[in-house]
Amino acid sequence: MKAMVVMALGGALALTGCSGLNDTQQRALTGTGIGAAGGAVLGAIGGNAALGAVAGAAAGLAGGLIYDKVKKDEQASYNSGYAAGKKSSTTSQ
């Protein structure tokens with residue numbers, strides 16, 4: 001019971017510490033966490049959970065940063081198209 005309380009408090013503290021992160025940091029942290037968890041599971045199956053967690057965290061970090069780049073490029077393309085459309089509608093009137 002005591003361990004569950006400590007885990008719940010630790011989880012709440014970890015989530016509170018993530019509230020001031022920008023989008024890039026949130027995506028990198030999320031990717032790292034998911035990758036570490038998945039890697040630990042796969043590593044445990046293979047006999048070395050720690051090595052699996054490290055490899056998973058690295059892969060998750062890379063995935064999170066790639067996803068962030070895609071989302072930023074998507075937003076930049078949208079903004080560019082919006083500005084061009086707005087400019088063309090004001091010049092044709």
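## Terms and overall fold

A residue counts as buried under 20% relative accessible area, as exposed over 50%, and as partly exposed in between. D73, with a relative accessible area of 37%, is therefore partly exposed. The structure described here is a predicted model.

The protein contains three helices and zero strands, and its pattern along the sequence is α-α-α. Of its 93 residues, 12% are buried. The accessible surface comes to about 6900 Å², and carbon and sulfur atoms supply 70% of it. Among contacts with a separation of 6 or more, 48% are between residues 24 or more positions apart.

## Helix α3

Helix α3 covers residues 49-91. It has 43 residues and reaches 62 Å from its first C-alpha to its last, close to the 63 Å expected at 1.5 Å a residue. The buried residues in α3 are G52, G56, A57, G60, G64 and D68. The cover over the buried residues of α3 includes α2, a helix made of residues 23-46.

G60 illustrates this part of the model. This glycine is located in helix α3 and has a relative accessible area of 11%, so it is buried. Leaving aside residues up to four places away in sequence, G60 touches G31, T32 and G35. Another glycine, G38, is 22 residues from G60 in sequence, and the two are 9.1 Å apart in space, C-alpha to C-alpha.

## Salt bridges

Side chains of opposite charge can pair when their charged atoms come close. There are four salt bridges in the structure. One of them joins the side chains of D68 and R27, at 2.8 Å from N to O. That pair links distant parts of the chain, since D68 is in helix α3 and R27 is in helix α2, 41 residues apart. D68 is buried because its relative accessibility is 5%, whereas R27, at 23%, is partly exposed.

D68 also meets the side chain of K72 in a salt bridge, at 3.4 Å from N to O. Here both residues lie in helix α3, four residues apart, about one turn of the helix. K72 has a relative accessible area of 45% and so is partly exposed.

D73 and K69 are both in helix α3, with a spacing of four residues, about one turn of the helix.

## Aromatic pair

A pair of aromatic rings is described by the distance of the centres and the angle of the planes. The structure has one aromatic pair. Its rings belong to Y78 and Y82; their centres are 6.2 Å apart and their planes are at 20°, so the pair is stacked. Planes under 30 degrees apart count as stacked.

Both tyrosines are in helix α3, four residues apart, about one turn of the helix. Y78 has a relative accessibility of 52% and therefore counts as exposed.

## Nonpolar surface patch

V41, L42 and I45 make up a nonpolar patch on the surface, and together they have about 350 Å² of accessible area.

Terms used. Residues numbered from 1 in each chain as written. Predicted model: local features only at pLDDT ≥ 70, side-chain atom pairs only at ≥ 80, totals over all residues. Heavy atoms only, no water. Phe/Tyr/Trp six-rings, centres within 6.5 Å; stacked < 30°, edge-to-face > 60°. Helix = DSSP H or I, 4+ residues; strand = E, 2+ residues; numbered from the N terminus. Buried < 20%, exposed > 50% of the residue type's maximum accessible area, 1.4 Å probe, protein only. Contact = heavy atoms within 4.5 Å. Patch = residues over 30% accessible without salt bridge, like charges linked within 9 Å, V, L, I, M, F, W, Y side chains within 5 Å. Areas by Shrake-Rupley, 256 points an atom, 1.4 Å probe, with all protein chains shown as cover. Expected span 1.5 Å × (residues − 1).
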